[in-house]
Amino acid sequence: MDDNQSTSETEEDLLSTGITSKEGADPAVKSVEELIDQIESSTEGNNEKPPLIPFDPPLTAAEIKGILQQCLQQILTEADFKSTREFYGTPGSTDIVLVNDSKLPWPADFNPKVKGFNLRFAQSISVDLDGNRVLGIRLEKLDVAAPNSGLFDGNITLVLSNVGGTKNGAVIGGSLTFFSIHRQGDTYVAKYSGSFDP
């Protein structure tokens, strides 16, 4: 057998497999284009996030600030907290005090921002006591040594209370709001784990 005949037979073999031509190919053999189309169609509309799993301590200072930002974002924007926000604060008010005279201070250089709200650090006794209620948020607990996702418990506890006046109605006490920290893919997320209003 000469080289020309060997080359011709090799080309015929390749053509018969359907790799270079779909004509006469085995229906079980898929082209690259068909495989890509199948993968894209199977993942189309699949926007599910990775599952929540326990986080791996320790967390960096930046990660802790990011978690606290998420907690504040949820409290101030999600409908589940609306009644609590309006009870301790004034409905429609965008003024939020991050109480900084508690035993556990907010992290240094923490500068949270939530669209539509004016967040400011202040002592709980420095607001206008003759004015309307002002929603105050105090950092009560920050424990990132290990995962904690128990009901009415968590790595973070925030206390929501009125740090303003009583012109539009007096309220006492505060609501303990709990968040647990989880890892989701390559990021850390804060998950609400309950609240308690003693």
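Predicted model: local features only at pLDDT ≥ 70, side-chain atom pairs only at ≥ 80, totals over all residues.
Is Phe152 buried, exposed or partly exposed? Phe152 is partly exposed, at 44% relative accessible area, where buried means under 20%, exposed over 50% and partly exposed in between (1.4 Å probe, protein chains only). Residues are numbered from 1 along each chain as its sequence is written, and side-chain values use heavy atoms, with hydrogens and water left out.

**View 1. The whole chain, with 4 helices and 7 strands.** Helices (H or I, at least four residues) and strands (E, at least two) are DSSP runs, numbered from the N terminus. Starting at that end, the order of elements is α-α-β-α-α-β-β-β-β-β-β. The protein chain has 198 residues, and 32% of them count as buried. Its accessible surface is about 12300 Å², with 52% belonging to carbon and sulfur atoms; the areas come from the Shrake-Rupley method with a 1.4 Å probe, and for residues only the protein chains shown count as cover. Among contacts (heavy atoms within 4.5 Å) with a separation of 6 or more, 63% are made by residues 24 or more positions apart.

**View 2. The largest nonpolar core, with 29 residues.** A nonpolar core is a set of buried Ala, Val, Leu, Ile, Met, Phe, Trp, Tyr and Cys residues joined through side-chain atoms within 4.5 Å. Trp106, Ile137, Ile156 and Leu158 have the most contacts inside the largest one. Two or more residues each come from helix 3 (61–77), strand 2, strand 4 (135–142), strand 5 (156–162), strand 6 (174–184) and strand 7 (187–196). Helix 3 gives the most to this core, with 7 residues. Look around Leu158 and you will find its partners, including Cys71, Leu72, Ile75, Trp106, Ile137 and Phe179, leaving aside residues up to four places away in sequence. A second, separate core has 6 residues, among them Val97, Val127, Val134 and Val163.

**View 3. The largest pocket, with about 170 Å³ of space.** Rolling a probe the size of a water molecule over the atoms shows where empty space is left. Here, on a 1 Å grid over the protein atoms alone, a pocket is an open set of points where a 1.4 Å probe fits, with protein on both sides within 12 Å along at least five of seven lines, and lining residues have an atom within 4 Å of a point. Grid points are joined across faces, edges and corners, and the volume is the space filled by probe spheres set on the points. The lining has 15 residues, and Arg85, Thr90, Gly92, Ser93 and Phe117 lie nearest the centre. Helix 4 (82–88) and strand 2 (95–99) are the elements that give two or more residues to this lining. The largest share, 3 residues, comes from helix 4. By class, there are 6 nonpolar, 4 polar and 5 charged residues; Ala, Val, Leu, Ile, Met, Phe, Trp, Tyr, Cys and Pro count as nonpolar, Asp, Glu, Lys and Arg as charged, and the others, Gly among them, as polar.

**View 4. Lys113 and Asp109, in the loop between strand 2 and strand 3.** Strand 3 covers 118–122. Lys113 counts as exposed, at 61% relative accessibility. Leaving aside residues up to four places away in sequence, Lys113 touches Gln69 and Gln73. The C-alpha atoms of Lys113 and Gln69 are 7.6 Å apart, although 44 residues separate them along the chain. Asp109 is also exposed, with a relative accessible area of 73%. Its phi is near 65°, a positive value in a residue other than glycine. Most residues other than glycine have a negative phi.

**View 5. Phe152 and Gly150, in the loop between strand 4 and strand 5.** Phe152 has a positive phi, near 55°. Gly150 counts as partly exposed, at 28% relative accessibility. From the C-alpha atom of Gly150 to that of Ser180 is 8.0 Å, for residues 30 apart along the chain.

**View 6. Gln184, in strand 6.** Gln184 is buried, with a relative accessible area of 17%. Leaving aside residues up to four places away in sequence, Gln184 touches Lys49, Pro50, Pro51, Leu52 and Val189.
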